[in-house]
Amino acid sequence: MKDFDHLMSVWQGQPKQDQLSVDEVLKQVKKGIRSITQKLYWTIVAMVAVTAFAAVVTFFLAFKSGVTTAGILIVLVTMLMYLALTVRHYHILSKRDATINPAEYLESLKEYQKTRSKIIGWFYYIYILLISAGLALYFIEVLESSSLVFKISTYSSIIIWFLFTTFYLKPRMFKNEEEKLNLMIDRLVRLKEQFD
């Protein structure tokens, strides 16, 4: 009997797992999703402005070479693809409400995270490749009368910029978003386990 009493006292002495407040978790999840959707919203606004500018350049400026027009069209189509993808992700995140059905919302967040990381992974490299090719074609005519030094510095700047965004900026941006999503998913999982 002493062993049982000792076992009970040890068991009762164990630290209790923190109980999560449903309201607090849902408020934090909504805040995190709002942060991501606001970022996506401003990305959409910026992409619409840049795409409109590229469309004006494409259709209202006369270029001598078809290669230049092809370069601008490649950039324009690539930006439209990225814009469509961003709008799709914005709608996926903003159309659901975590308070209606948290279990369903948790599954939708997991699915969103999985598809976003997969799509962004390969699409980003295609995006960079197409933008680079489009700009290279565009600059053939634009830099035609420039000095060799200016041409080399322009193309070098573009290469450095794309290397910087691909290998430095992209991993940090998407890692930050991934961490936010992981935190929200973790909180919802803990909340779900609390009620199971």
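I began with Phe 59, which counts as exposed because its relative accessible area is 56%, and exposed here means over 50%. I note at once that the model I am reading is a predicted one. When I looked up where Phe 59 sits, I found it in helix α2. I then asked which residues make the nonpolar surface patch of about 440 Å², and I wrote down Val 56, Phe 59, Phe 60 and Leu 73. Helix α2, which covers residues 22–60, gives the most to this patch, with 3 residues.

**Entry: the chain as a whole**

Next I stepped back to the overall layout, and I counted 5 helices and 0 strands in the protein chain, so that I could write the pattern along the sequence as α-α-α-α-α. Of the 196 residues in the chain, 31% are buried. The chain exposes about 13000 Å², and carbon and sulfur atoms supply 66% of that area. I also looked at how far apart in sequence the contacting residues are: taking contacts between residues at least 6 apart, I found that 80% of them join residues at least 24 apart.

**Entry: salt bridges**

How many salt bridges does a search of the whole structure find? The search returns 5, and I followed three of them in detail.

The one I opened with joins Lys 39 to Glu 177, where the closest N and O atoms are 3.9 Å apart. Because Lys 39 lies in helix α2 and Glu 177 in helix α5, this pair ties together parts that are 138 residues apart in sequence. I checked the cover of both partners, and Lys 39 is partly exposed at 42% relative accessibility, whereas Glu 177 is buried, with a relative accessible area of 6%.

I then turned to Arg 116, which also forms a salt bridge with Glu 177, the closest N and O atoms being 2.5 Å apart. Since Arg 116 belongs to helix α4 and Glu 177 to helix α5, the pair ties together parts that are 61 residues apart in sequence. Arg 116 is buried, with a relative accessible area of 9%. Putting these notes side by side, I could record that salt bridges with shared partners join Lys 39, Arg 116 and Glu 177 into one network.

The remaining bridge I looked up links Glu 111 with Lys 114, and their closest N and O atoms are 3.8 Å apart. Both residues belong to helix α4, and because they are 3 residues apart, about one helical turn separates them. Is Lys 114 buried or exposed? At 51% relative accessibility, Lys 114 counts as exposed, while Glu 111 is partly exposed, with a relative accessible area of 41%.

**Entry: aromatic rings**

I went on to the ring pairs, bearing in mind that a pair of aromatic rings is described by the distance of the centres and the angle of the planes. The structure holds 14 aromatic pairs. In the pair I examined, Trp 122 and Phe 123 have ring centres 6.1 Å apart and planes at 80 degrees, so I recorded the pair as edge-to-face, the cut-off for that class being over 60 degrees. Trp 122 is partly exposed, with a relative accessible area of 47%, whereas Phe 123 counts as buried at 7%.

I also wanted to know which residues the ring pairs link into a cluster together with Trp 122 and Phe 123, and I noted Tyr 82, Tyr 124, Tyr 125, Tyr 127 and Phe 174.

Thr 166 is placed in helix α5, residues 148–195, and at 7% relative accessibility Thr 166 counts as buried. Leaving aside neighbours within four places in sequence, I found Thr 166 in contact with Tyr 124, Tyr 125, Ile 128 and Pro 171; Tyr 124 and Tyr 125 had already come up as members of the aromatic cluster.

Ser 108 lies in helix α4, which runs over residues 102–142. Ser 108 is buried because its relative accessible area is 15%, and buried means under 20%. I compared the position of Ser 108 with that of Leu 93, and the two are 15 residues apart in sequence and 8.9 Å apart in space, taken from C-alpha to C-alpha.

Definitions and conventions: Residues are numbered from 1 along each chain as its sequence is written. This is a predicted model: local features need pLDDT of at least 70, side-chain atom pairs count only at pLDDT 80 or more; totals for chains, interfaces and linings use all residues. Side-chain values use heavy atoms; hydrogens and water are left out. Patches are made of residues with over 30% relative accessible area and no salt bridge: like charges are joined within 9 Å, nonpolar side chains (Val, Leu, Ile, Met, Phe, Trp, Tyr) within 5 Å. Accessible areas come from the Shrake-Rupley method with a 1.4 Å probe; for residues, only the protein chains shown count as cover. A salt bridge is a side-chain nitrogen of Lys or Arg within 4 Å of a carboxyl oxygen of Asp or Glu. Helices (H or I, at least four residues) and strands (E, at least two) are DSSP runs, numbered from the N terminus. Buried means under 20% relative accessible area, exposed over 50%, partly exposed in between (1.4 Å probe, protein chains only). Contact means heavy atoms within 4.5 Å. Rings of Phe, Tyr and Trp (its six-membered ring) pair if their centres lie within 6.5 Å; planes under 30 degrees apart count as stacked, over 60 as edge-to-face and the rest as tilted.
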